Amino acid sequence: MPIPHALGKNLVLPVICAPMFIVSNPEMVIAQCKSGVIGSFPALNARPAEMLDAWLTRIKTALADDPGAAPFAVNQIVHPSTGRLEHDMALCVKHQVPLIITSLAAPTAIVPQIHAYGGLVFHDVISVRHAEKALEAGVDGLILVCSGAGGHAGTLSPFALVAEIRKFFDGPLVLSGAISNGRAILAAQAMGADFAYMGTRFIATHEANAVDAYKQAIIDSAAADVVYTPYFTGVHGNYLKQSIVAAGLDPANLPERDKSAMDFGGATAAKAWKDIWGAGQGVGAIDDVLPVAQLVDRLTQEYLHAKAALCSNGF
């Protein structure tokens, strides 16, 4: 399906930069949008909650001054543990955020608020069942969080999940899971997605709110160094083994976690993401730390080179 007009403005690549807890900040979002990809951040990153208004004002002002900038998005975690969803949504409506990315529960109450001013809602899903529930809630697009994605992720192959969801949904699809270069962006489109969803690759940028040791760990790691566990938040996610070991834990023998104790926005969750570093299996393709603008330029060249190579081979 064609990319919605509201999101296609000024895109140089069909990419939505994933919102990453702690890591995504206004500086990175502005750089992403000015480079021609859709930047995003979790509302929960603005702490205290009152800071969200200032963040949204800063981003909108910076992008308004650049007629070539792409749109931006805000991630809302639809879960009681955040304790601030109503407050954050009121600010997103006030600022008319172009795209809201929702996670963890069907955003039934959120969709009408965003549609009222012409915004769009995309929802994270890891299965067909989750996709069906999101569509019943009225979302505009689906983000397929497949095997190998950083942070909270599913286990299904992107080939399987895209194919099954395309049987009943012809709207915007965003594909996540180990996408670290321009070739992978093109592959996502070839598979049937409209956008690639990239998170881990943008941790290794100058603008990312990540300590140097985290960025270096991204460079030093391979797919085998990514651990998939529910231990840290109650929901399965992918994390760097190095950070788990540094926290004094054995990655091969993590204790069981009670899912009823899920925590996505409190002090416990913040400490987990600060000390336990999320990353996807695409880390093995990341070799350097770059400014966002330089990274997007490289991704664009890789993407165009891959397209040209396919054409030259008769495809």
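The structure holds zero disulfides, and the model in which this was computed is a predicted one.

**Cysteines**

- Cysteine 33 has its closest cysteine sulfur in cysteine 17, and because the two sulfurs are 7.7 Å apart, they are too far from each other for a bond, given that a disulfide requires a pair of cysteine sulfur atoms within 2.5 Å.
- Cysteine 92 is likewise in no disulfide, the nearest cysteine sulfur being that of cysteine 33, 14 Å away.
- Cysteine 33 counts as buried because its relative accessibility is 0%, and cysteine 92 is buried with a relative accessible area of 0%.

**Serine 40**

- Serine 40 belongs to strand 2, which covers residues 39–42, and at 1% relative accessibility serine 40 counts as buried.
- A polar atom of the serine 40 side chain lies 2.5 Å from the backbone oxygen of cysteine 17.
- Once residues up to four places away in sequence are set aside, serine 40 touches Cys17, Ala18, Pro19, Ser24, Val29, Gln32, Ala73 and Ile101.

**Nonpolar cores**

- The largest nonpolar core has 77 residues, of which Leu142, Leu144, Ile165 and Phe202 touch the most other members.
- Isoleucine 165, leaving aside its neighbours within four places in sequence, is in contact with Val125, Val128, Ala131, Leu142, Leu144 and Leu173.

Technical notes
Residues numbered from 1 in each chain as written. Predicted model: local features only at pLDDT ≥ 70, side-chain atom pairs only at ≥ 80, totals over all residues. Heavy atoms only, no water. Helix = DSSP H or I, 4+ residues; strand = E, 2+ residues; numbered from the N terminus. Buried < 20%, exposed > 50% of the residue type's maximum accessible area, 1.4 Å probe, protein only. Polar contact = N/O pair within 3.5 Å; in protein donor to acceptor, adjacent residues only side chain to side chain. Contact = heavy atoms within 4.5 Å. Core = buried A, V, L, I, M, F, W, Y, C linked by side-chain atoms within 4.5 Å.
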